Amino acid sequence: MKLLHIDSSALAANSVSRQLTAAIVARWQDTVPGLEVTYRDLDADPLPHLTNAVLVGGDAAAAQAGEAAMQQFLAADVIVVGVPRYNFGVPSTLKAWIDRIAVAGRTFKYTENGPIGLAGGKKVIVAEASGGEYAGTAIDFVAPYLKQVFGFLGITDVEFVRAERVAYSPQHKAEAIEAALASIPTPLRQAA
Ligand SMILES: Cc1cc2nc3c(=O)[nH]c(=O)nc-3n(C[C@H](O)[C@H](O)[C@H](O)COP(=O)(O)O)c2cc1C
């Protein structure tokens, strides 16, 4: 089984989402023998924005980087994504990654009856960190967006591990992390 671990926080060692993804991946490593883990740090190693040059293949280095990201995504059975909430949405580095894995003819296609996802059968676990509180509200543009993106690609098994209100106070942050860590789903139960 192959697991793709993605982080996108710009807060390095102070990142909550990085702490959560590390714990989720460690849980999978402890539970699934022979698990192959590939790591992609979108902050340290970002993909270029999807410009015209990238889209039409005029930038060879960007095309190669995008194809490598696509291959990592296609090969993965499980994808653990660390997502800090920045300015109400996902980090632009994560959006640049999404722009490279959502490709017509590779991970989805349109038919006369509408779109069909081509990347089904994977599991996604999103570790989300927010300064404020958004889950279930009309201004949550992170979880619904990511559900839509992965669902569009055919991935319906998307779970969320959330730490919210981390900016309210140090105590709120500590409690949010503790609760999020306690909510990490058990891999074997989920993978069965
Ligand atoms: C540039 C920036 C923008 C942010 N925007 C928001 C926001 O719109 N809403 C919010 O609740 N928190 C916001 N925050 C707080 C982060 O969501 C919070 O620090 C969270 O822990 C980020 O995840 P991380 O610790 O993994 O980096 C922002 C933080 C930064 C650095």
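Two residues are in contact here if their C-beta atoms, placed from the backbone, lie within 7 Å. Keep that cut-off in mind for the helix packing below. The model is predicted.

Start with the whole chain. The UniProt annotation "domain: Flavodoxin-like fold", from an unreviewed entry, covers residues 1–183.

Five strands form an open sheet in the order 2-1-3-6-7, and the pairing is parallel. Strand 2 (36–41) and strand 7 (157–163) are the edges, each pairing on one side only. From one strand to the next, the twist averages 15 degrees. Strands of a sheet pair through backbone hydrogen bonds, either parallel or antiparallel. Take one pair in detail. Strand 6, residues 123–129, runs parallel to strand 7 and is joined to strand 7 by seven bridges. Val126 stands opposite Phe160 in strand 7.

Now look at what covers the sheet. Helix 1, residues 16–31, lies across strand 1 (2–7), strand 2, strand 3 (78–84), strand 6 and strand 7. Helix 1 runs at about 165 degrees to strand 3.

Helix 1 also matters for the ligand shell. Helix 1 gives the most to this shell, with three residues. The shell holds 17 residues, of which Ser9, Ser17, Pro84, Gly131 and Gly132 come nearest to the ligand. By class, eight shell residues are nonpolar, seven are polar and two are charged.

Strands 4 and 5 make a separate pairing to inspect. Strand 4 (residues 108–111) and strand 5 (residues 114–117) run antiparallel, joined by four bridges. Lys109 stands opposite Ile116 in strand 5. The two strands form a hairpin, with two residues between them.

Finish with a helix pair. Helix 3 (residues 60–75) packs on helix 4 (residues 92–101) at an angle of about 80 degrees, and their axes are 9 Å apart. Angles of 65 to 115 degrees count as roughly perpendicular, so helix 3 is roughly perpendicular to helix 4. Which residues make the contact? Helix 3 supplies Gly66, Ala69, Met70 and Phe73. Helix 4 supplies Trp97, Arg100 and Ile101. By class, this contact has five nonpolar residues, one polar and one charged.

Definitions and conventions. Residues numbered from 1 in each chain as written. Predicted model: local features only at pLDDT ≥ 70, side-chain atom pairs only at ≥ 80, totals over all residues. Pairing = 2+ DSSP bridges. Axes fitted to C-alpha atoms, helices over the stretch in contact; angles between N-to-C directions. Near = placed C-beta within 6 Å. Nonpolar A, V, L, I, M, F, W, Y, C, P; charged D, E, K, R; others polar. Parallel < 35°, antiparallel > 145°, perpendicular 65-115°, else oblique. UniProt positions renumbered as here; feature names shortened; annotations may be inferred.
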